[in-house]
Amino acid sequence: MKINTASFGEIEVDDKQQIYFPAGIIGFEPYKNYVLLDSEKEHFYILQSLDQVKNSFILINPYLVRSDYVLEILDADLAEIGCDDPQKLLVFSIVTLPNDITKISCNLLGPILINKKNLLGRQSISLGNWQTKHFFFEKMAQSNKV
Amino acid sequence: MLILTRKKDEAILIGKNVRVVVIDVKGDQVRLGIVAPKKVEVYREEIYHAIKQENTCAVFPTTGDLTHVPSLDPKLKEKKN
């Protein structure tokens, strides 16, 4: 199917890239239909809203920027997306990318969970003591040259 | 808003399945115990608001352009903050 995206204009996506968020994303609850796209940068993904073209989020695998990251969530979060085994989840963090690249951060407190089996998604709230802004510029390849 | 006065060890029932117990009161801090079915989401309010605010900062078009971002190198040492 063809969709409109904020970053890439009109593109063709596979049905398997479509993720339904029954509860939306926190603060953006009315928008429940998304597609998960590869970005032009390795390790970064785009979660594009199908209901509101100008809304998209950059995602990253939190374990790449914080190797000791642990998913600590309520069973209610897993139940919401019909998941009985956290091992089978895709886990992402939403990236905040200000104009100053050195301040790039990701939200470890509100991880995005996607159940690969039924393509349901949810933003959960971590029970752990993680931050909404985990700065990770030191993990960027050129950061030691700056 | 319904306002109820409770003492230590006293509880409030919300519906039939949610029970909120006052565990301890010390100065301006109250420790609450919450017994609820697994399906019920219980969060500290300020954490919910912090995530909402961060999402608003992170959503395109408020966010910057990924093309100008250096590559991520998972092997580089990370800062624990």
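**View 1. A:Leu119 comes out as partly exposed, because its relative accessibility is 22%.** Here, buried is under 20% relative accessible area, exposed is over 50%, and partly exposed sits in between (1.4 Å probe, protein chains only). This is a predicted model, where local features need pLDDT of at least 70 and side-chain atom pairs count only at pLDDT 80 or more, while totals for chains, interfaces and linings use all residues. Residues are numbered from 1 along each chain as its sequence is written, chains are lettered from A and ligands numbered from 1 in the order in which they are written, and side-chain values use heavy atoms, with hydrogens and water left out. You'll find A:Leu119 in the loop between strand 8 and strand 9 (120-123) of chain A. Helices (H or I, at least four residues) and strands (E, at least two) are DSSP runs, numbered from the N terminus. The backbone at A:Leu119 has a phi near 60°, a positive value in a residue other than glycine.

**View 2. A:His43 also has a positive phi, near 80°, and it isn't a glycine.** The residue sits in the loop that runs between strand 4 (33-38) and strand 5 (44-49) of chain A.

**View 3. A:Asn107 is tucked away, with a relative accessible area of 1%, so it counts as buried.** Look for A:Asn107 in strand 8 (residues 105-115) of chain A. Its side chain reaches the backbone nitrogen of A:Gly110 at 3.0 Å. Setting aside residues up to four places away in sequence, A:Asn107 touches residues of chain A, including A:Ser93, A:Ile94 and A:Gln123, and on the chain B side B:Ile51, B:Glu54 and B:Asn55. Contact here means heavy atoms within 4.5 Å.

View 4. Three salt bridges link chain B and chain A. One of the pairs is B:Glu54 with A:Lys133, at 3.0 Å from N to O. For a salt bridge, a side-chain nitrogen of Lys or Arg must be within 4 Å of a carboxyl oxygen of Asp or Glu.

**View 5. B:Lys38 and A:Asp75 form a salt bridge, with the closest N and O atoms 3.3 Å apart.** B:Lys38 lies in the loop between strand 3 and helix 1 of chain B, and A:Asp75 in helix 2 (residues 75-80) of chain A, so this pair joins two chains. B:Lys38 is exposed, at 64% relative accessible area, whereas A:Asp75 is partly exposed, at 39%.

**View 6. B:Ser71 reaches across to chain A from the segment after helix 1 of chain B.** Its contacts, leaving aside neighbours within four places in sequence, are A:Lys139, A:Met140 and A:Ala141. With 39% relative accessibility, B:Ser71 counts as partly exposed.

**View 7. Salt bridges also turn up within a chain, as with A:Lys103 and A:Asp100 at 3.4 Å, N to O.** Both partners are partly exposed: A:Lys103 at 43% relative accessibility and A:Asp100 at 35%. In chain B, B:Lys75 pairs with B:Asp73, the closest N and O atoms being 3.8 Å apart. B:Lys75 is exposed, at 75% relative accessible area. Elsewhere, salt bridges that share partners tie A:Asp77, A:Glu80, A:Arg122 and B:Glu41 into one network. Over all chains, the count comes to nine salt bridges.

**View 8. B:Val25, B:Val30, B:Leu32, B:Ile34, B:Val40 and B:Val42 make a nonpolar surface patch of about 460 Å².** Patch members have over 30% relative accessible area and no salt bridge; nonpolar side chains (Val, Leu, Ile, Met, Phe, Trp, Tyr) are joined within 5 Å, and like charges within 9 Å. Strand 3 (residues 29-35) of chain B gives the largest share of this patch, three residues. B:Val40 sits in the loop between strand 3 and helix 1 (45-58) of chain B, and at 33% relative accessibility it is partly exposed.

How values were computed
Areas by Shrake-Rupley, 256 points an atom, 1.4 Å probe, with all protein chains shown as cover. Polar contact = N/O pair within 3.5 Å; in protein donor to acceptor, adjacent residues only side chain to side chain.
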